[in-house]
Amino acid sequence: MIRFEGVSKTYPGGQQALRQVSFHIAPGEMAFLTGHSGAGKSTLLKLISIMERPTVGKVLINGHDLNQIQRRQVPYIRRDIGMIFQSHQLLMDRSVFDNVALPLIIEGYSHREISKRVGAVLDRVGLSDKSRSLPITLSGGEQQRVGIARAVINKPPLLLADEPTGNLDPKLSMEIIRLFEDFNQAGVAVLIATHDLGLIARMKYRTLTLKKGQMITDGLTEDWHDEP
Ligand code: ADP
Ligand code: ADP
């Protein structure tokens with residue numbers, strides 16, 4: 001699903017964000033990506049979502065070598081990736097329904113199909129009764145669920161989350177992670193970037209750790225002996 005081969009990224013200003021990073025995430029796998037602020041997590045996610053390009057090395061998504069693709073293919077590859085951000089990036093003057101429906105409207109689905117699919121996904125994230133609400137009236141955890149519903153509405157095979165629990169307390173954070181687990185159990189590959197080591201330590205998932213742009217560990221959290 002995701003393959004990095006010897007990837008380095010240096011920004012135009014000379015900031016070296018990633019150094020010789022290699023890893024593979026299989027279809028249907030779930031993993032965490034961690035490291036201190038500035039370690040390169042966001043950069044790694046931006047290379048996957050084609051918002052940045054590697055300076056050196058190869059990034060493959062769903063078998064597509066991102067160095068080889070044409071500009072016009074970018075939207076098709078991005079369509080396979082559901083992105084979730086810490087700041088939900090919701091349209092605050094539109095209803096929950098409209099926010100979640102947006103990707104389907106862009107794709108030109110019929111009203112009937114949109115109602116059906118938005119209803120089903122809001123049900124899955126536990127927001128059936130908030131369909132007509134404005135996001136501004138919802139709690140932080142509920143807003144994050146709207147963001148997740150919008151990210152999965154197109155049924156992408158890959159979900160990328162950048163600090164999805166950043167503003168939430170531990171209990172709500174765990175609920176959000178459980179939601180990712182539900183989608184993962186339905187076959188979706190999930191990569192979650194977080195610096196919340198407490199959250200990761202309570203899970204038994206593969207965890208990739210970046211330090212100053214280098215991948216320093218890649219393994220199950222239960223095998224951790226020292227804090228990375
Ligand atoms: P995070 O902890 O979520 O990565 P940051 O504060 O590191 O947040 O970065 C926020 C945004 O600013 C990101 O989009 C990142 O790529 C960008 N950014 C970070 N450092 C720099 C920099 N030195 N110059 C320009 N943009 C930067
Ligand atoms: P993280 O997400 O782990 O906080 P980032 O990928 O945001 O790390 O940043 C890694 C390094 O790259 C940092 O030194 C940051 O300042 C730098 N950086 C990130 N984005 C940019 C950018 N757009 N331009 C210049 N430097 C950047």
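Me: Which helix supplies the largest share of the shell around ligand 2?

Reply: Helix 1, which runs over residues 41-48, supplies the largest share of that shell, namely three residues. Helices are DSSP runs of H or I with at least four residues, strands are runs of E with at least two, and both are numbered from the N terminus. Before we go on, please keep in mind that this is a predicted model, in which local features need pLDDT of at least 70 and side-chain atom pairs count only at pLDDT 80 or more, while totals for chains, interfaces and linings use all residues. Residues are numbered from 1 along each chain as its sequence is written, chains are lettered from A and ligands numbered from 1 in the order in which they are written, and side-chain values use heavy atoms, with hydrogens and water left out.

Me: What makes a residue one of those around ligand 2?

Reply: A residue is near a molecule if one of its heavy atoms lies within 4 Å of it. Among the residues around ligand 2 are Tyr11, Gln15, Ala39, Lys41, Ser42 and Thr43.

Me: Which residues are around ligand 1, and how much of its accessible area does the protein cover?

Reply: Ser37, Ser42 and Lys46 are the residues around ligand 1. A polar side-chain atom of Ser42 lies 2.8 Å from an oxygen atom of ligand 1, and an N or O atom in the side chain of Lys46 is 2.6 Å from an oxygen atom of this ligand. Of the 550 Å² of accessible area that ligand 1 has on its own, the protein covers 30%.

Me: Why is helix 1 called largely enclosed by the rest of the structure?

Reply: Helix 1 is described in this way because six of its eight residues are buried. Buried means under 20% relative accessible area, exposed means over 50%, and partly exposed lies in between, with a 1.4 Å probe and protein chains only. The buried residues of helix 1 are Lys41, Thr43, Leu44, Leu45, Leu47 and Ile48.

Me: What makes the pair of Phe4 and Phe23 stacked?

Reply: Rings of Phe, Tyr and Trp (its six-membered ring) pair if their centres lie within 6.5 Å, and planes under 30 degrees apart count as stacked, over 60 as edge-to-face and the rest as tilted. By this rule the count comes to two aromatic pairs. One of them joins Phe4 and Phe23, at 4.7 Å centre to centre with 25 degrees between the planes, and is therefore stacked. Phe4 is in strand 1 (residues 2-10) and Phe23 in strand 2 (residues 16-25), 19 residues apart, and both are buried.

Me: How do you know that the charged end of Arg132 sits over the ring of Phe97?

Reply: A charge sits over a ring if NZ of Lys or CZ of Arg is within 6 Å of the ring centre and within 35 degrees of the ring normal. The charged end of Arg132 is 5.1 Å from the centre of the Phe97 ring, and it sits over that ring.

Me: Which residues does His195 touch?

Reply: His195 touches Thr34, Gly35 and Glu163, not counting residues up to four places away in sequence, where contact means heavy atoms within 4.5 Å. The side chains of His195 and Glu163 also make a polar contact of 2.9 Å.

How values were computed. Polar contact = N/O pair within 3.5 Å; in protein donor to acceptor, adjacent residues only side chain to side chain. Areas by Shrake-Rupley, 256 points an atom, 1.4 Å probe, with all protein chains shown as cover.
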